[in-house]
Amino acid sequence: MPDLLSVRNLKIEATSYPPGEPPKTVTLVEGVNFDVQKGKVLGLIGESGAGKSTIGLTALAYGRGGVRITGGEVKLNGEDLLKLGPAGIRKVRGCKVCYVAQSAAAAFNPAHRLGEQVIEASLKHGVMGRAEAEKRALYLFKVLGLPSPETFGQRYPHQVSGGQLQRAMTAMALCPNPELIVFDEPTTALDVTTQIDVLAAIKHAIEETHTAALYITHDLAVVAQITDDILVLRHGKMVEYGSVKQIIEAPTQDYTRALVNVRGTKREEAPDQSDTLLKVDNITAGYSNGFKVLQNVSLHLPKGQTLAVVGESGSGKSTLARVITGLLPPQEGTISFDGTPLPRALKGRTNDQLRRIQMIYQMADTAMNPRQTVRDIIGRPLTFYYGLRGARKTERVKELLEQIEMGGRFADRYPAELSGGQKQRVAIARALAAQPELILCDEPTSALDPLVAEGILKLLLKLQDETHVSYMFITHDIAIVRAIADSVAVMHRGRLVRFGPKSKVLSPPFDDYTDLLLKSVPEMEIGWLEKVLTTRRMESAGN
Amino acid sequence: MTGNGPAHGPELTATAAAGEAPQSAGVAGSVASTGAPVDEGTPSFWAKLSKSSPLVALILQRLALSVALLFAVSLMIFGGVEALPGDFATTYLGQSATPQAIENIRKDLGLDQPATTRYFKWLGGAIQGDFGNSWASKNSVSEQIGKRLGNSLFLAFFAAIISVPLAVGLGMLAVQYRNRMPDKIINVISLAAISLPEFFVGYLLILFFAVQMGVATFPATVYDSMTIGQRLSAIALPTATLVLVVLAHMMRMTRAAILNVMSSAYVETAELKGLSSLRIIARHAAPNAVAPVINVIALNLAYLVVGVVVVEVVFVYPGMGQYMVDAVTVRDMPVVQACGLIFAAFYIFLNMFADILAIVANPRLRHPR
């Protein structure tokens, strides 16, 4: 079968402008070759910075920002896209090759109705007339399982949910009957329970329309469900290229093996959970507009152990952390720490009470002052809580850096000079500097690549063994819960659905929500998606 | 190229406007209790309204705020004029006037009454369009202002209908050719125009067009007996001066707002749909850049009406600005107060319209969930 898309010797460069230095040309991608046949799906996988999206966009001969495709060829049906002029490439984009972005919420124009945006490319390229395009949009809305497909197109982007937008974006890409679609992490920003629906919809739509696709993701478990072949990338170079079966079941490269076996951390839950450190009793909290984000939440956390709080976005997990820190005083209920009740608001708490509870955030980037060095960032709590200055402070900062496995040479760096994982480590060191008894971790690994996230989790567990600190670990990732938790709280729409030791919470009998949540987590197994969908269908038929 | 634009203007505006929706109940409620007592008995009315149609609630809130602001301004104008040193009677009669004569004039003008009485009397009249009589000429202030205001608006109107489309068009053109020659030329010329003080621009224009080339009319004084053609020819130079002065600000804001939107993900989507760059700018970028642009246009329109004092003086144009300056020199307080209030009203209501248009342009408010 002739190749639909054939990429040879791809070289992509960008110019960076480091302050105070002459502009530098950086090679982002080099020596990449792959083919996509008609109706087949190729998965591009790798961590951030691997060049996945950049390579995906070459199928549309597009470079984001200052990115330039400087070498190789990208042939679509035998025609080199890189040799087409601006007018020629415009005829390919949105007509023969379409693109589905990671964040559909940002990729839809807020000023226009969804239906108009879905059919725009088809109309502008003269693929079909308005009536026909509207009919096709309706058909696609139905195929993708959007609610009330007849009126869906009349809505504005802000009027529908994130999962629906992602499906609408897929409809937009499918509408002009393209030969190839580039999916750029289409489910990464979604909750697991939504992700599975969108995945199923995309898979179904690809099968229905016989479109070929490039599917970009960092999640091998997701790509295993939807693609025929996989190309593993690292630092802009090919690591391994083969069929899904070969990559998942018999990877030949170390890096691929590491990706396949990424979830290696495992901790047995502590047998004795009686020595309570934090007790949250019947908390109800909300914001001034009267909406209650948390309702009657009660839970407790033993000393030196980890409580995982799991739920989807909007379930109130982070609000619970804000209530415990005192940033958001609860409307009802009490919080006691080490046997004594805590004042409700931040202002009422003593310095020592503040010291004993520290926090780590999802975005280490935004949680640190970009104009302070690592020394200042970690040193601040040392001065504030312990009055350390001068040599003693320097010594302690060095100690903490050793503890987070980074070493003293990082002390004079600025956050911008650190990688994502290193930034999160510095944030952990800052929390540790106060010598707290409880650290609230608000999704500290969800913005990180799997292997880096794994390293952070291992570090957290090591620190727990050394210092007997307790963690309240907020996450939406069941795999992390399995790996590190002693007890688990499942939250849904502001209520506590399930709470107890990990072994109890994660084993049947389940309530409906926990069941759905557990079943939605993709597993590194070919055919998992079909299996789940079949079970669901049988269950709904049985009801 | 596109990543380093200015901060997220339109997005911020959008979220700020959306974020205000829930609070509007409280603000509007407090306005209702201090200003006009509407629906005192049903406090949930505003809450309900702002939920069911946030657009109407927000617009009503802006209206109420504008009226409240205008009252506050009237207080400040009156207070400010009261606090001015000197006194009309002494200025009018000279240093050697007898205390008795001064007392008589003060009584004639009603200055012997307490300030609060005079304020409410003045305000009551102003609401009905009666600003009293000028102390200097004894003529009705409203009548004289009517004529002068007409002249000022005539000038501002022509300056506006030339400058606004020109500024928006040039802004879009600058985006289309960003960082290339046309963009740079537009930028340099507009920057030069905004950097020169308006009196200087005015004198330059007079020097070239009226003195050396002799194609324009100067002075720009207009009379009742002039035909529309003569009037237009008379205001050509002041209009050109005003256009040059306000053009750059609006043009640069349009450019910045559209460029900011051009770096957003949905413009990339449009680009990846293979649309032409003109369609991308006009259909995908411009509607989202409306809010900040409208605000700048309103500010400049307000400037055209309020800030033309210097231009009117340079061109000897009988507008409001000149009238007010003359009145200040002779301490003709009714005229000063009336001019001040009318200027403030223009300023406040133009900004209010800009706010309302920006609110209406926001699809999140126009089509609530």
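**Exercise 1.** What covers the buried residues of α11(B)?

*Solution.* The model is a predicted one, and the work begins by finding the residues concerned. Helix α11 of chain B spans residues 265-272, and seven of its eight residues are buried, so the helix is largely enclosed by the rest of the structure. The buried residues are B:Y266, B:V267, B:E268, B:T269, B:A270, B:E271 and B:L272. Turning to their cover, one finds that it includes β6 (97-100) and α3 (104-107) of chain A, together with α10 (228-262) and α12 (277-306) of chain B.

**Exercise 2.** Determine which strands of chain A pair with β11(A), and in what sense.

*Solution.* Start with β12 (residues 292-302) of chain A, which pairs with β11 (residues 276-286) in the antiparallel sense over seven bridges; within this pairing, A:L278 has A:L301 of β12(A) as its bridge partner. Continue with β14 (residues 332-337) of chain A, which also pairs with β11(A) in the antiparallel sense, here over five bridges, and in which A:T334 is the bridge partner of A:D281.

**Exercise 3.** Judge from its radius of gyration how compact chain A is.

*Solution.* Chain A holds 21 helices and 20 strands. Its radius of gyration is 25 Å, close to the 24 Å that the globule rule gives for 543 residues, so chain A is as compact as a globular protein of that length.

Notes. Residues numbered from 1 in each chain as written. Chains lettered and ligands numbered in written order. Predicted model: local features only at pLDDT ≥ 70, side-chain atom pairs only at ≥ 80, totals over all residues. Helix = DSSP H or I, 4+ residues; strand = E, 2+ residues; numbered from the N terminus. Rg over C-alpha atoms; globule rule 2.2 N^0.38 Å. Buried ≥ 20, exposed ≤ 12 C-beta atoms within 10 Å, placed from the backbone. Contact = placed C-beta atoms within 7 Å. Pairing = 2+ DSSP bridges.
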